[in-house]
Amino acid sequence: MGTFAGRPLVVVTNREPYVDETTRTGIRHVQRAGGVVSALDPLLREYGGDWVAWGSGTADRLTAPGGVRPVPLKNPRYRLHRVYLSAEEVQGYYTRFANQGIWPLSHMLIERARFSRRAWSVYRAVNLKFARRVARESRPTALVFSHDYQLALVPSLVRQLRPDLAIAHFWHIPWPVFTVLRLCPQYQEILRGLLGADVLGFQTPDDVESFLTSVQRSFRHVSVDHRRGYIQWQGRTIAVKTFPISVDIAAIEETVATPRVTRWSNGIRRHFARNSRQLGVSVDRADYTKGIIPRLEALHEFFNRYPQHRGQVSFLQVVVPTRSEVSAYRTLFRQVEQETYRINQAFATTDWTPVITIRRSLDRPRLMGLFRAADFGLVSSLFDGMNLVAKEFVSAQIDRRGVLLLSETAGASLELDQALTVSPWDPEGFAQVLDLALSMPLEERRQRMQAMQQHLHQHTLYDWATDILSTLDEMVQNYVES
Ligand code: ADQ
């Protein structure tokens, strides 16, 4: 258990897959909404191994004697190593430098980005804490698979502590163009941190290109091969490639076809799609990059411009609060409520509410059942590395009745080319595309959905992980041989 190509596997992320919380009746195991973790948990359950992450739950110390929690608790498949952080560390590393600095900058929303030297020094210290734990837990020849913008320095710090380990780092969010990256005062340190890896993975070719250009423009003694995606740096070769993350479509299809989820899905249709009404859904973390407000503005425009659809379309939005410690996120949540109220106030009738909001995280089967029930799905990100919701929506549509409306600036739009393209920056155009989607014949919906499902069957979550890890394995083999 716990190997890939004969090597032990060590995953490193900021968020942990299971947060243990103390409740009045005992301990509750919570799985958080979020792309990275929902992608990696099935993977480690399959391969086994070790996972290093921030232990953020109130009962985390209780369920992890010595800092290690087996997952699942019964019949464990892998070991979760919890890194505990103080309130100051969480504030400087996570809330400030990562979420108020790198996150908005990477999504090119520069007005929202804030940097400070104090936050940076905490970010660096916490990255070192993670790196030390990885160095301690990794057996010889292990493959270290670290993730995302919270842990950009982990590759080089791990390399300093344990030069024998092979390291791949995957960047889940967009990589900004160099002119934007440069606004971060510590951008060169971030690049140096990442260049400690043997393999760097990004979601799209544009991200790879922006990264290569950033490296080329930042350092003198570096050689960048743009065509083949290699960097020569301090005597090492680093592969920089596109690995679009995906979903486990077979598992989703199986989940949505079970009698329990079928009943739930039918129940949703009976409730929201009765009398040939069409049901639209969206599911997001309450994040300003997801374009939730522009989407509501587009819906307002839609009901205004196309009155024939009033009473004929219901829209269910699932918005789960995240990062509530960052004030921008609390503000957004209030705005969602106000916008929704504005639409419902303007158009609702005694037996019809245009927009219904569910303000919590739904478990996976219910979420997938909701996607199955829908006639259309809306994904309207301003910028998005990939957007797994779009791929989950397609996977769950086993009746193939739905149409996907997808923002062109989400990484997923490169692959899901049978979706209808919308722009969160163009409410009138968005409304027009929605009108088109609602009148699309069933046969065309089926064909489009089928083509996208076929693509996802050929590019699964496991292919994504296997591609990265085998690229890593090859890189270190070549290294040993040369
Ligand atoms: P996120 O920004 O979190 O991920 P996304 O890819 O859409 O965005 O993943 C969200 C995940 O959380 C999905 O699996 C979704 O089903 C789940 N989720 C969202 N809202 C939920 C709710 N209310 N209840 C339950 N589950 C919910 C980051 C990047 C993305 C990239 C992923 C993976 O920002 O661009 O696709 O990482 O690389």
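Select Asn 75, which sits in the loop between strand 6 and strand 7 (strands are DSSP runs of E of at least two residues, helices runs of H or I of at least four, both numbered from the N terminus). Asn 75 is not a glycine, yet its phi is positive, at about 45°. In the loop from strand 6 (68-71) to strand 7 (78-83), pick Pro 72 as well. The peptide bond between Val 71 and Pro 72 is cis, with omega about -20°. Most residues other than glycine have a negative phi, and most peptide bonds are trans.

A word on what you are viewing: this is a predicted model, in which local features need pLDDT of at least 70 and side-chain atom pairs count only at pLDDT 80 or more, while totals for chains, interfaces and linings use all residues. Residues are numbered from 1 along each chain as its sequence is written, and side-chain values use heavy atoms, leaving out hydrogens and water.

Next, colour domain 1 (3-245 + 462-477) and domain 2 (249-458); these bounds come from an automatic or database domain assignment. Their centres, taken over C-alpha atoms, are 30 Å apart. Domain 1 brings 25 residues to the contact and domain 2 brings 23, where contact means heavy atoms within 4.5 Å. About 1900 Å² is buried between domain 1 and domain 2, with 64% of it from carbon and sulfur atoms; buried area is the accessible area (1.4 Å probe) that two parts lose on being put together, summed over both.

Now select the ligand. Which residues are closest to the ligand? Among the 28 around it, they are His 172, Asp 384, Met 386, Leu 388 and Glu 392 (near means a heavy atom within 4 Å). Domain 1 and domain 2 each give at least three residues to this shell.

Finally, show the polar contacts, pairs of N or O atoms within 3.5 Å. Polar side-chain atoms lie 2.6 Å from a ligand oxygen in Glu 392 and 3.0 Å from one in Gln 203. At Gly 385, a polar backbone atom is 3.0 Å from an oxygen atom of the ligand.

Note on methods: A polar contact is a pair of N or O atoms within 3.5 Å; within protein, one must be able to donate a hydrogen and the other to accept it, and residues adjacent in sequence count only if both atoms are side-chain atoms.
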